Amino acid sequence: MAVLAAMFLFSPSANALPAWPNVGQGATGPNVTTVQYLLRHHGHGIAADGEFGPATKSAVVAFQSANGLTADGTVGAQTWPKLIVSVRQGSTGEAVRAAQTQLNRYGSGLAVDGQFGAATDRAVRTFQGAHGLAVDGVVGPQTWQTLVGGGGGGTGGWALPLDRAAAGRSDYNVGHWDGTPAIDLIVSYVPAYSMTASRAEHYSSTTCGIGLRLVRSDGARIVYCHLSARSVANGASVSAGTRVGTTGDTGNSGAPHLHIEIRSADGVKRCPQPLLLAIYDGVTPPSLSSLPTSNCGS
Ligand SMILES: [Zn+2]
């Protein structure tokens with residue numbers, strides 16, 4: 001038992017939830033829309049437009065004051081747990097819209113109609129199964145935290161390879177050190193997620209270390225290198241946002257990081273940076289065949 005307990009404690013990020021993101025004035029996108037729907041649920045009549053302006057900030061400050069929180073106008077680790085509402089099949093209203101907005105970040109394609117029906121239930125269970133959560137169809141605290149803290153995707157069914165707390169926007173715009181079309185995301189031992197629906201093939205080499213090839217149905221592929229562990233079987237079908245492993249320092253790697261390469265369906269290596277930035281920003285990602293092949297990133 002002692003050995004098992006030790007293995008559990010020291011396996012990196014085994015069942016760790018992503019950190020709650022900080023959402024404050026000037027922010028845009030689906031996490032802002034989510035905050036706005038949840039504030040509406042709590043009786044604040046603001047627009048759910050995805051733009052965190054002064055009206056949203058005032059509503060956050062009022063909500064924080066009413067709940068004994070530091071009234072700083074930013075929704076972070078203290079405010080999210082009070083703001084979220086557990087919803088399940090049969091629930092209706094603004095909190096359901098918030099959950100549907102989040103599920104769509106992971107490619108669920110739901111109508112944001114505030115009606116928690118069978119389609120939303122299926123989407124929740126799929127998300128829970130892909131993220132190691134109890135599959136009960138209830139969007140409760142752990143599922144909420146995994147949804148809003150996770151990488152999600154913009155439109156087009158893409159997801160970030162890392163949690164939002166693990167890498168910021170500028171990290172996704174860095175060119176590779178040797179000028180080749182690739183990116184190194186400098187992180188320690190954190191969860192790595194599939195960026196796209198694909199077949200996950202185990203791949204190893206002396207340079208890549210423990211790697212994965214995520215092969216799309218059109219033949220395009222995304223390679224992850226230097227993992228400390230994989231969490232999918234060889235050949236497993238994964239969706240965008242499915243956890244596929246833990247980053248690390250295997251292979252030819254000077255320090256823990258995630259190396260990513262993209263080959264479009266024609267076999268050409270392409271710059272991952274414009275794709276990653278589009279996913280980060282929640283805008284329609286460029287097609288893989290349109291990605292540049294040189295001078296990647298800034
Ligand atoms: Zn690299």
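Two strands pair if DSSP finds at least two bridges between them. Helices (H or I, at least four residues) and strands (E, at least two) are DSSP runs, numbered from the N terminus. The model is predicted, so local features need pLDDT of at least 70 and side-chain atom pairs pLDDT 80 or more, while totals for chains, interfaces and linings use all residues. Residues are numbered from 1 along each chain as its sequence is written, and side-chain values use heavy atoms, without hydrogens or water.

**Figure 1. Strand β5 pairs with β9.**
Strand β5 covers residues 221-227. Its partner here, β9, covers residues 258-263. The two strands run in the antiparallel sense and are joined over 5 bridges. Arginine 221 has arginine 263 of β9 as its bridge partner. Is β5 mostly covered or mostly open? It is mostly covered: 6 of its 7 residues are buried (under 20% relative accessible area; exposed is over 50%, partly exposed in between; 1.4 Å probe, protein chains only).

**Figure 2. Strands β4 and β5 form a hairpin.**
β4 spans residues 209-215. It pairs with β5 in the antiparallel sense, over 5 bridges. Isoleucine 210 stands opposite leucine 227 of β5. The hairpin has 5 residues between its strands. Glycine 219 of this hairpin takes a positive phi near 95°. β4 is also mostly covered, with 5 of its 7 residues buried.

**Figure 3. Strands β3 and β4 form another hairpin.**
Here 3 residues lie between the strands. β3 and β4 pair in the antiparallel sense over 7 bridges. Which residue of β4 is the bridge partner of histidine 202? The partner is leucine 212.

**Figure 4. The open sheet has 3 strands.**
The strand order is β2-β8-β6 and the pairing is antiparallel. The edge strands are β2 (191-193) and β6 (229-230), each of which pairs on one side only. β2 and β8 (residues 243-246) are linked over 3 bridges in the antiparallel sense. Across this pair, tyrosine 193 faces its opposite residue, arginine 243 of β8.

**Figure 5. Three residues hold the zinc ion.**
The ion is coordinated by His176 through NE2, Asp184 through OD and His259 through ND1. These contacts are at 2.0 to 2.2 Å. Donors are N, O and S atoms within 2.8 Å of the metal (3.2 Å for Na, K and Ca); water is not among the atoms, so sites may look incomplete. Along the chain, the donors follow the spacing H-x7-D-x74-H. Histidine 176 counts as buried because its relative accessible area is 10%. Aspartate 184 is buried too, with a relative accessible area of 17%.

**Figure 6. This view shows the largest pocket.**
A pocket is an open set of points on a 1 Å grid over the protein atoms alone, where a 1.4 Å probe fits, with protein on both sides within 12 Å along at least five of seven lines; lining residues have an atom within 4 Å of a point. The lining has 23 residues. His176, Thr207, His226, His259 and Glu261 lie nearest the centre of the pocket. β5 gives the most, with 4. By class, 6 lining residues are nonpolar, 10 polar and 7 charged (nonpolar: Ala, Val, Leu, Ile, Met, Phe, Trp, Tyr, Cys and Pro; charged: Asp, Glu, Lys and Arg; polar: the others, Gly among them).

**Figure 7. The second largest pocket draws on domain 1 and domain 2.**
About 370 Å³ of space lies in this pocket. Its lining has 16 residues, and Ala27, Thr28, Asn31, Arg164 and Tyr280 lie nearest the centre. The elements that give two or more residues to this lining are α2 (30-41) and α8 (273-281). Its residues divide into 7 nonpolar, 6 polar and 3 charged. Domain 1 (2-149) and domain 2 (169-290), with bounds from an automatic or database domain assignment, each give at least three lining residues.

**Figure 8. Leucine 38 sits in helix α2.**
Leucine 38 is buried, at 0% relative accessibility. How many residues apart in sequence are leucine 38 and valine 85? They are 47 residues apart along the sequence, and 7.6 Å apart in space, C-alpha to C-alpha.

Terms used:
Points joined across faces, edges and corners; volume = space filled by probe spheres on them.
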